[in-house]
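Biologist: I would like to go through this structure and hear what stands behind each label. Please set the value against the cut-off each time.

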Amino acid sequence: MTAVVYEQREVRRARYAVAAVFAVHGAVTGSFATRVPWIQDHASVSAGQLGLALAFPALGASLAMPLAGRVSHRFGARAALRGLLALWTLSLVLPALSPNLPILCLALFVYGASAGMSDVAMNALGVEVENRLGRSIMSGLHGMWSAGALIGSAAGTLAAHLGADARLHHVLAAGVLTLLGQVACSWVLDLQPAEDEEPPPRFALPPKSALLIGAIGFCAVFAEGASLDWSAVYLRHQLDTSAGLAAACTTGFTLTMAVARIVGDRVVDRFGSVRTVRSGGVLAVLGGLLVVLAGHPAVAMTGFALMGLGIAVVVPLCFAAAGRSGPNPSQAIAGVATITYTSGLVAPSAIGGLAEATSLVVSFGLVTVLACGLAAFAGVLRAGDRGRPKVTPPAAAVPGPRS
C-alpha cells in the first residue's frame, strides 16, 4: 500500500511539473511574438519578406516533430524533454541576432524545429500523466501554455515599451526560462522503453487514426489562427471601430481561450470528449454566424468570444486521443501536431487571400463552415474516452486521520 501511495504522489507531482513545462514553452512564444517588429527592423526586411520568414517556424516544426519519438526512445522521456526544452528556450535568442533575411529564415527554422519536438515530448508525457490519474488534465495543461504565453507577452510588451534591445531581452528571458524548464523537467515521469521495444522510425507518415483526429484539430486551429490574426482587422475595417476596440477584441478572444482551457478539464470529466467537442462546435458555429452577420462591434466581439470558447479544448483533446489511439503515442501525437501546425500556417494567408478576392465576411463564412466539422466529426475522439482508465484513488492515498 505504501508503494501505491508513493505512486500517486509521484504522479501528482509529475502533473504540476508538466504544467510548469507547458507554461515555460508558452512563455517563449509570447516573448518572441512581442519583439517581431524589432526583429524586422534589425534584419532590415520588408513586410513581405517578414511574412516569408514567419513561415519557417511551422516548416521546421512539421519536419522535426516526427523525430521526437525517436529521441524519447533513445534517451528516455525525462532526459529527452530536458534536452528538447532547453533547445527551445535557448533558440529564443537566434531571431534577434539575425542581421538579414537568409539568416533570419534559418534561425526561425531552428526555432520552429525545437518548438515542435519539445511540443510532442511534453504532450506525450501529459497524456501519460492523464492516463495514470484517470481524469482529464490536457485542457488545463494547454491552459497553462496560454497563461505562459500571456506572461511572456506582458514581459515583452514592457521591454518594448522601455525601448530595450531585443537581443538583451531575449538572452535574459532565455536564461530564466531555461533554468525554470530544467527544474520542472526534474520532476516529470521518467519513462523508459521496454528492452524489446523497437525504436520508432526517424520519419513516418502519421497513422490513419492520427489523420482523422488531426482533421478535427485542423478545423479548430484554422478558426483560432483566423481569429487571432484577423479579428482586429475585421472590427477595424469591416465595422469601422477604433484601433483600441479592435485590439481589445483580439485580447478578449485570447483570454476566453485561456480561461476555457484552464476550467475545461472539469467539463471533459463530466461529459466526455465527444460531447464536449460537439457542444463546443455548436458554440463556435454560433459565434461564426454572429461575426458574419454582425452589424455592431459588440455582436462581432461576442461572436469571437464564443468561437474562442468553442474551440478552446479541442486541440488538447486531440492530443489526448492521439496518445491513446495506438501503440506509439509519440508518433500519433507528432502526426496530429504536424496537421495542426500546418493549419496554423495556412489559416492566416487563406483568410487574407479569400478576403482580397471577396471580403472578410466570406472568409469568416469559411471559418464557420469548418467549425461545423467539430460538431459533425467529434465522434472520432470517442476512442480517447474509452482509453481513459477510471481510476479511484486507494483509501490509503486519501488524506485522513492517522492510525
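Modeller: A residue counts as buried when its relative accessible area is under 20%, and as exposed when that area is over 50%. The model is predicted, and the values are computed from it.

Biologist: What makes α14 largely enclosed by the rest of the structure?

Modeller: The count does: 10 of the 10 residues of α14 are buried, so the helix is largely enclosed by the rest of the structure.

Biologist: What does the secondary structure of the chain come to?

Modeller: There are 17 helices and zero strands. Among contacts between residues at least 6 apart in sequence, 85% join residues at least 24 apart.

Biologist: Why is S114 called buried?

Modeller: The relative accessible area of S114 is 4%, and the cut-off is under 20%. S114 therefore counts as buried. This serine is in helix α8, and beyond its sequence neighbours within four places it is in contact with L84, L87, W88 and S91.

Biologist: Why is Y111 called buried?

Modeller: Y111 has a relative accessible area of 5%, to be set against the limit of under 20%. Y111 is therefore buried. It also lies in helix α8. With residues up to four places away in sequence left out, Y111 touches V28, T29, F32, P57, W88, S91 and L92. Its C-alpha is 9.2 Å from that of V93, a residue 18 places apart along the chain.

Biologist: How do you know that T276 counts as buried?

Modeller: T276 is at 10% relative accessibility, and buried means under 20%. T276 thus passes as buried. The residue is found in helix α12. Its contacts, leaving aside neighbours within four places in sequence, are V267, V268, F271, V313 and L317.

Biologist: What is the relative accessible area of A96, and which residues does A96 touch?

Modeller: A96 is at 0%, so it is buried. A96 belongs to helix α7 (residues 93-97) and touches W38, I39, H42, A166, R167 and H170, not counting residues up to four places away. The C-alpha atoms of A96 and I39 are 5.4 Å apart, although 57 residues separate them along the chain.

Biologist: Why is S44 called exposed?

Modeller: The relative accessible area of S44 is 60%, and exposed means over 50%. S44 is therefore exposed. It sits in the loop between α2 (36-43) and α3 (47-53). D240 is also exposed, at 64%, and lies in the loop between α11 and α12.

Biologist: What makes the backbone of S44 and D240 worth a remark?

Modeller: Most residues other than glycine have a negative phi. Phi of S44 is near 55°, a positive value in a residue other than glycine. Phi of D240 is near 55° and positive as well. G163, which follows α9, has a positive phi near 75°.

Biologist: How do you know that α9 spans close to what is expected?

Modeller: Helix α9 (residues 138-161) has 24 residues and reaches 34 Å from first C-alpha to last, against 34 Å expected at 1.5 Å a residue. Its buried residues include G140, G143, G148, G152 and G156.

Biologist: Which residues have the most contacts inside the largest nonpolar core?

Modeller: F304 and F364 do, in a core of 109 residues. Helix α8 gives the most to this core, with 16 residues. Beyond its sequence neighbours within four places, F304 is in contact with S227, S231, Y234, L235, C249, F253, V291 and F364.

Biologist: What is the volume of the largest pocket, and which residues are closest to its centre?

Modeller: The volume is about 1900 Å³. Of the 46 lining residues, T29, W145, E224, L228 and D229 are the closest to the centre. The elements giving two or more residues to the lining include α8, α9 and α14. By type, the lining divides into 26 nonpolar, 16 polar and four charged residues.

Key: Residues numbered from 1 in each chain as written. Predicted model: local features only at pLDDT ≥ 70, side-chain atom pairs only at ≥ 80, totals over all residues. Heavy atoms only, no water. Helix = DSSP H or I, 4+ residues; strand = E, 2+ residues; numbered from the N terminus. Expected span 1.5 Å × (residues − 1). Buried < 20%, exposed > 50% of the residue type's maximum accessible area, 1.4 Å probe, protein only. Core = buried A, V, L, I, M, F, W, Y, C linked by side-chain atoms within 4.5 Å. Contact = heavy atoms within 4.5 Å. 1 Å grid on protein atoms, 1.4 Å probe; cavity = no way out; pocket = protein on both sides within 12 Å on 5 of 7 lines; lining within 4 Å. Points joined across faces, edges and corners; volume = space filled by probe spheres on them. Nonpolar A, V, L, I, M, F, W, Y, C, P; charged D, E, K, R; others polar.
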